[in-house]
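Here are my notes for you to read with the model open beside them. Take the points one at a time and look up each place as you go.

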Amino acid sequence: MSLTNLIVILVQAGILVNMMLMAAAYMVLAERKIAAWIQNRVGPNRVGPWGLFQSFADVFKLYIKEDIVPAAADYKFHALAPVIAIGVAVTTYAIIPFSGPLIELDGVKYGLAMAPNMNIGILAVLAMTSVGVYGVALAGWSSNNKYSLMGGLRSAAQMISYELSMGLAIIGVVLIAGSLNLIDIIQAQTDGMWFIFLQPVGFILFLITALAETNRAPFDLPEAEPELVGGYHTEYSGMKFGLLYLAEYANILASSAIMATLFLGGWDIIPFLDDSTVLGLAPFSLPLVILGHMAFLGKAFALVFVFIWIRWSLPRFRYDQLMNLGWKVLLPISLVNIIVTGLVILFLQ
Amino acid sequence: MFTVFAIGAVASAVFTITRKNPVASAMSLVGHFFMLTGLYLTLQAQFVAAVQVLVYAGAIMVLVIFVIMLLNVGTEQQHPQSGGLRTTLGVMMAGLLAVLMGTAILARPTGRVDLPPESLTIGTTEAIGQSLFTTYLFPFEAVSLLLLAALIGSVILAKRHVQEG
Amino acid sequence: MSGSATLERVEKLRQSKILREVQDKDTVAMFEDPLENDMILNMGPQHPATHGVLRVLLRLDGETVVKCIPELGYLHRGFEKIAENSTYHEFIPHTDRLDYISPLSNNVAICMAIEKAAGISVPERAVWIRMLVCELARISSHLLAMGATSMDVGAMTVFLWTFTEREKQYDLFERICGARFTTSYARIGGVANDIADDVMRDIRVWLNQLPERMSEVERLVNRNRIFVDRMAGTGYIPAEKAIALGLTGSTLRGSGVARDLRRDEPYMFYDQVEFDVITRNDGDCYSRYIVRNLEIWESMKICHQCLDKLEAMPRTPVLSDTQPQSVVSRKAEIYTKMEDLINDFMIINFGTMPPKGETYTAIESPKGELGFFIVSDGTGQPWKLKIRSPSSSNLQALKYMAEGSMVSDVVAIIGSIDPVMGEADK
């Protein structure tokens, strides 16, 4: 590992973490604004123009708040849970290829992606999301509060159930692309045939399971406010609460970015057509890569909007309905999807 | 890197059996699995590493924690030591294990061993897929059938229990 | 004190307190549980879904409710006792604080009860105005019930949409009687003041735009698969059980019993207006929700008919000033005529004095049958004033509905019963 390599990785890490924090902060604002528009309200508009600095005010407020730990809580795990939650969320960002190669140093090309050529790419993503449950489950257990415990239990059961369908939903994509590597999956889509057109069922399945994995409505049972007060973060305050909250939004952005990678062609700009010939730019030239990066972020944030939109439109599932949906509907559909995809590929060969 | 992961793995394994709080114990085991993942990665076995996290840390240990939380297992009380026999036997066993391991380590070939170049690709997804679906196809299918039978059997057992109850 | 000792103490205290509560409330709540699998969850009095300060003790097996013990009384203010120490007229503002979602119909109910006890008649125009405000209050209450139920099952947006409409209503209430929330609009022998023409016009404007808003809400949730799955089949109560528990109002009509005091025992001029009594036969949360939803449409019909009547009527006085027992401040007469000054002095100091006897008057309030039982000993203060509040009797069904369902259902059930704790605890 050369020095340049190390410096580049550090710079990438710095950019990614800052990007994630900024994005999460503005996603909170976007959520509040969009919710307000849906509900015929105005939304935050006091801090800065159009309330643009509201998120910073919120974070500052959380920083200066007292950190309350209940007397009966398990202090170590109470403090550990938010760290796990945010740590896992951030780690996922290392795997997502946000852009194509931007600069070349010592013959190696670097883009805004830390471990893009990992040949287990998508498996690593699944692994990280599956570990994310520890943050929520431990937060719920260590608070020593019954509502929190129920939130933690619900989230553990929910994540195990939906992880399965999520993994199976991806297999269709992997079968077509013939690789687990995220870069290869994007390359397979750059001729314009995005996998959403080949795998519409897989996309819908992945969207639903992603909603469940990120604990978003209509699957937000772990923090269902009318039932469990605050769910797993009932007993959290100050920046620990902030971290749990931040992790939730970081997970949403990560899920959206993965969906953009797997189903919406990653940094491919125009569907059905080859970008470089349409735009008259050489493949992997800097302007094209930057445009591609913009396209990637645009897709990711469009999906974030869908997440928010769904949250403010749909009621919440009940626990048994959630399990029924996961095991009796999504799992069979995803299995059939795999079989059909496999048969079609076999037939075409 | 190996040293870091190895020490981490041993330490978390020790924590797993010494912690009295079951959740702390389980979390140490999760840490242990992560250290093993690191070890796999240093061996270029990326697929095994990812599956280790996905299955063991991500699914099985979540279930374990789920059950611990559900049953609300309390902190284990200090058990009184039951006589010297157990301790003596334990020490003897530990000594035997140490001797076995020591001989194994001392008996290894000294100096660097040159691995064949294909050993670097053993752990990749392609290599595992190739060997599972060609060389070891029959055992692989047999094992999956066996697991399926076990799954169906357990479902039937659980169902009967529900009907009786 | 060391950490573990504190923990133990907290645990012990907590256990003993809750167990004592359960034992005190219901001896059947203690039953064999050798594995200690069950959890006692203390939902409320401070809980987002308990509509105020309702406290529900739940014994849970996993997520399933084994035992449900509602505990009332956290908002008890002793209104019945207060009534015994105040004149009838003084008690009217207290009724604002009963069902604080629809104070207008409470005002009307207490005034009707007092008028019946004292034998006071009310001018026709005032009766129409009372009907109008009662139906406006019903719309307001049902809008809240729909929004709150939706919010309890996770559809937050509906809550804010219905609240927007209620906000517009509050603005209208302010223009009708000067107060948005605590209205105290009805008077013994009429209402406080007539409704101005422009306010009447604005009520009509508001009523005309409401169907569109309502259908927006209906399109968003009424046929939503998740919403129907959450509501349909939960909190079931059959008609016989509902009658036996003394349920009234929309909660009863959701079980298929077509009882509506407006039709069955017509008071005011409800026999002169056209409306349907809505029932649904399923007896679950969804049917109760739909009953409330459709009743808003019926109330809109009645409001339109009342407005038609009021617009066609001459502007006659809305407070009966011919009967000495009614409370009127006729300033011009009081300052010029001796008899009126004496009468005013008597009314203010000793109140309306109904003859000795007992009367019971009930109206169909938004929550159900709101009745006032007045025992008069001939003085200006009631000897006993019993409030038959629909919320407290409707809440009796919570235990029956909730047992065997899941924790998530409990909030939906509370939402579908639509209790207001100010009225349930009195």
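1. Read along its sequence, chain B runs α-α-α-α-α-α. That makes six helices and zero strands in chain B; helices (H or I, at least four residues) and strands (E, at least two) are DSSP runs, numbered from the N terminus. Before you go further, please note that this is a predicted model, where local features need pLDDT of at least 70 and side-chain atom pairs count only at pLDDT 80 or more, while totals for chains, interfaces and linings use all residues. Residues are numbered from 1 along each chain as its sequence is written, and chains are lettered from A and ligands numbered from 1 in the order in which they are written.

2. How much of chain B is buried? Buried residues are 18% of its 165 residues; a residue is buried if 20 or more other C-beta atoms lie within 10 Å of its own, exposed if 12 or fewer, and partly exposed in between, with C-beta atoms placed from the backbone. The domain assignment, which is automatic or from a database, gives chain B a domain 1 (1–72) and a domain 2 (135–165). Their C-alpha centres lie 26 Å apart.

3. Now find where chain B meets chain A. The contact takes 18 residues from chain B and 21 residues from chain A; two residues are in contact if their C-beta atoms, placed from the backbone, lie within 7 Å. On the chain B side, α2 (22–42) and α3 (46–71) each give two or more residues, and α3(B) has the largest share with 14 residues. By class, this side of chain B has 14 nonpolar, four polar and no charged residues. Here Ala, Val, Leu, Ile, Met, Phe, Trp, Tyr, Cys and Pro count as nonpolar, Asp, Glu, Lys and Arg as charged, and the others, Gly among them, as polar.

4. Chain A also touches chain C: 24 residues of chain A are in contact with 32 residues of chain C. On the chain A side, α10 (225–228) and α14 (319–348) each supply at least two residues. That side of chain A divides into 13 nonpolar, four polar and seven charged residues.

5. Within chain A, look at helix α3 (residues 75–95) and helix α4 (residues 121–131). Their axes come within 9 Å and cross at roughly 175 degrees, so α3(A) is roughly antiparallel to α4(A). The axes are lines fitted to C-alpha atoms, for helices over the stretch in contact, with angles from 0 to 180 degrees between N-to-C directions; angles under 35 degrees count as roughly parallel, over 145 as roughly antiparallel, 65 to 115 as roughly perpendicular and the rest as oblique. A:V88, A:T91, A:T92 and A:I95 in α3(A) meet residues of α4(A), among them A:A124 and A:M128.

6. Which residues touch the most other members of the largest nonpolar core? Of its 235 residues, they are A:A85, A:A250, A:L253, B:A50, C:L58, C:V133 and C:V410. Such a core is a set of buried Ala, Val, Leu, Ile, Met, Phe, Trp, Tyr and Cys residues joined through C-beta atoms within 7 Å. Leaving aside neighbours within four places in sequence, A:A250 is in contact with A:M20, A:A24, A:I86, A:A89 and A:V90.

7. Finish with chain C, which is divided into domain 1 (3–71) and domain 2 (79–119 + 122–319 + 354–425). Their C-alpha centres lie 33 Å apart, and each domain gives 17 residues to the contact.
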